[in-house]
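Here is a short report on pockets and a surface patch. Look over the structure, then read on.

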Amino acid sequence: MMKEKKIQWVSLLAAAALIVLGLWLLLEFYPTYRDFFPKCVLYELTGLYCPGCGTTRAVRSLLCGDFYKALRYNPLLTLSLPFLLWWAYREFLWAMYQKPRPPWLLSLKFALAVVLIVTIYFIGRNLPWPPFCSWAPLPD
């Protein structure tokens, strides 16, 4: 039991170190001008923006304190970030201390709602008229 707990803490520290390294890379190197940041395969092949397009630049903008620019790069990520951070915190508590997860977080209705929101966002950000065209990431 004690060994499992130690492995959990080591895994958590390793994940935290990787996150810190990734955030440092984002601050140090602008994503658009560096080849080691991933490109969107869907956009490269079809010209369509996936729900994740602009996420790297949005996170960088948030790290630099530019909320408006982050919102323009990826509004879904930017607006859902408080929920995502809360969710990560809840997962941490569950993994480390076996604290219960909220039952609605594991429900089929919640999963379907997330899929519906992401699907509407995916379709909307590829439509060419306002207000949907403002959902597409800012060009660099």
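A pocket is an open set of points on a 1 Å grid over the protein atoms alone, with protein on both sides within 12 Å along at least five of seven lines; lining residues have an atom within 4 Å of a point. A volume is the space filled by probe spheres set on the points, which are joined across faces, edges and corners.

This is a predicted model: local features need pLDDT of at least 70, side-chain atom pairs count only at pLDDT 80 or more, and totals for chains, interfaces and linings use all residues. Residues are numbered from 1 along each chain as its sequence is written, and side-chain values use heavy atoms, without hydrogens and water.

| Pocket | Volume | Lining |
|---|---|---|
| Largest | about 500 Å³ | 20 residues |

Take the largest pocket. Pro38, Lys39, Cys40, Gly54 and Arg57 lie nearest its centre. Helix 3 (55-63) gives the most to this lining, three residues. Helices here are DSSP runs (H or I, at least four residues), numbered from the N terminus.

Now the second largest pocket. Helix 5 supplies the largest share of the lining, six residues.

Phe83 and Leu84 also belong to a nonpolar surface patch with Trp86, Trp87 and Trp104. Trp104 lies in the loop between helix 5 (75-97) and helix 6 (108-124). Why does Trp104 count as partly exposed? Because its relative accessibility is 42%, and partly exposed means between buried (under 20%) and exposed (over 50%), with a 1.4 Å probe and protein chains only.

Key
Patch = residues over 30% accessible without salt bridge, like charges linked within 9 Å, V, L, I, M, F, W, Y side chains within 5 Å. Areas by Shrake-Rupley, 256 points an atom, 1.4 Å probe, with all protein chains shown as cover. Salt bridge = Lys/Arg side-chain N within 4 Å of Asp/Glu carboxyl O. Helix = DSSP H or I, 4+ residues; strand = E, 2+ residues; numbered from the N terminus. 1 Å grid on protein atoms, 1.4 Å probe; cavity = no way out; pocket = protein on both sides within 12 Å on 5 of 7 lines; lining within 4 Å.
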